[in-house]
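Reader: Hi, could you pick one part of this model and walk me through it closely? I'd like the cut-offs spelled out as you go.

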Amino acid sequence: MKLIDKLWNWGHLEGSHNECTKLDCSMTPEEFAAVYGIKNAFVVSYAGNIQPPFDDFAKRFSCLNEVKWSVLGDSSTPLPDAELGNTEDILDVLNVGCNITGGIVDDFFSPERMARFTPDVLKKIKSALNAKGLDFWCVLYAHQLDMDLEKYLDCFDGATFWIWKSTELADTEMYIEKITSLVKGKPLMLGIYLYDYGMGGIPMDGKLFENQLSLYFDYLRQGKTDGIVFCSSTIGDADLETNRILKKYLAEYGEVEL
């Protein structure tokens, strides 16, 4: 397996971040896969812009190698009425989206979501997905690592980990040590932002980005992470230093055998 096969896109729909970044971007998850060669994606509703039935979306994303679909969208997406979120909608579209390999809950560890989706409910979601050969993932941020999460994390097959504020990137290795301990050997993917959303929405400092990217690529080569997730294809066509650095690293290291 090559390094690029372990890379993922945080696949919001095109234009999803234009308002918060003040950029005029139109790149789709499919175009991101074609331009960057990153052909795995978490497909996640942003502000409710992906709603069931998912058949047409699944057809769109058939060019991707793997897709993990949002059981719950981002924090600005209204929670589904169904007890198990969009689980049944994901299962309904498996014949169309044969590349769907899992489900994910985004921005999960908030009081509202944790109260509604208790560990018992999460176990039902996990069981329904696992029964069809799909795994179940969550999003976890650095500022949440000191919360009492064990009973919730036990309900997931894997986690994606993100450092929201660029001012905290200096502590990356400490955070990775913490999250690795918390997930107890379960699959762990590490997230990297192509834009500095956590500092009010400004371009990410190129040096900070490159340091994080280099470290995470080292972790991949050493088997310390199961993947790297880039947020996001929505700004993949912007004139940003991060995009140029990413392309340079993919050209240099993407074909490295793991």
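Author: Helices (H or I, at least four residues) and strands (E, at least two) are DSSP runs, numbered from the N terminus. This is a predicted model, where local features need pLDDT of at least 70, side-chain atom pairs count only at pLDDT 80 or more, and totals for chains, interfaces and linings use all residues. Residues are numbered from 1 along each chain as its sequence is written, and side-chain values use heavy atoms, with hydrogens and water left out.

Ala 47 sits in the loop between E2 and H3, and its phi is positive, about 55°, even though Ala 47 is not a glycine. That loop runs between strand E2 (40–43) and helix H3 (55–60), and Pro 53 is found there too. The peptide bond from Pro 52 into Pro 53 is cis, with omega near 0°. Most residues other than glycine have a negative phi, and most peptide bonds are trans.

There's another cis bond to look at, from Cys 231 to Ser 232, where omega is about 15°. Ser 232 belongs to the loop that links strand E10 (227–231) to H10. That takes us to the part I'd like to zoom in on: the packing around H9.

Helix H9 (residues 206–222) packs against helix H10 (residues 241–253) with the axes 10 Å apart and an angle of about 30°. Axes here are lines fitted to C-alpha atoms, for helices over the stretch in contact, with angles from 0 to 180 degrees between N-to-C directions. H9 and H10 are therefore roughly parallel to each other (under 35 degrees; over 145 is roughly antiparallel, 65 to 115 roughly perpendicular, the rest oblique). On the H9 side, the contact (heavy atoms within 4.5 Å) is made by Gly 206, Phe 209, Glu 210, Leu 213, Ser 214, Phe 217 and Arg 221. H10 brings Glu 241, Thr 242, Ile 245, Leu 246, Lys 248, Tyr 249, Leu 250 and Tyr 253 to that contact.

One last stop is Gly 201, in the loop between strand E8 (195–196) and strand E9 (202–203). Gly 201 and Thr 21 are 180 residues apart along the chain, yet their C-alpha atoms are separated by 5.5 Å. Leaving out residues up to four places away in sequence, Gly 201 touches Cys 20, Tyr 195 and Asp 196.
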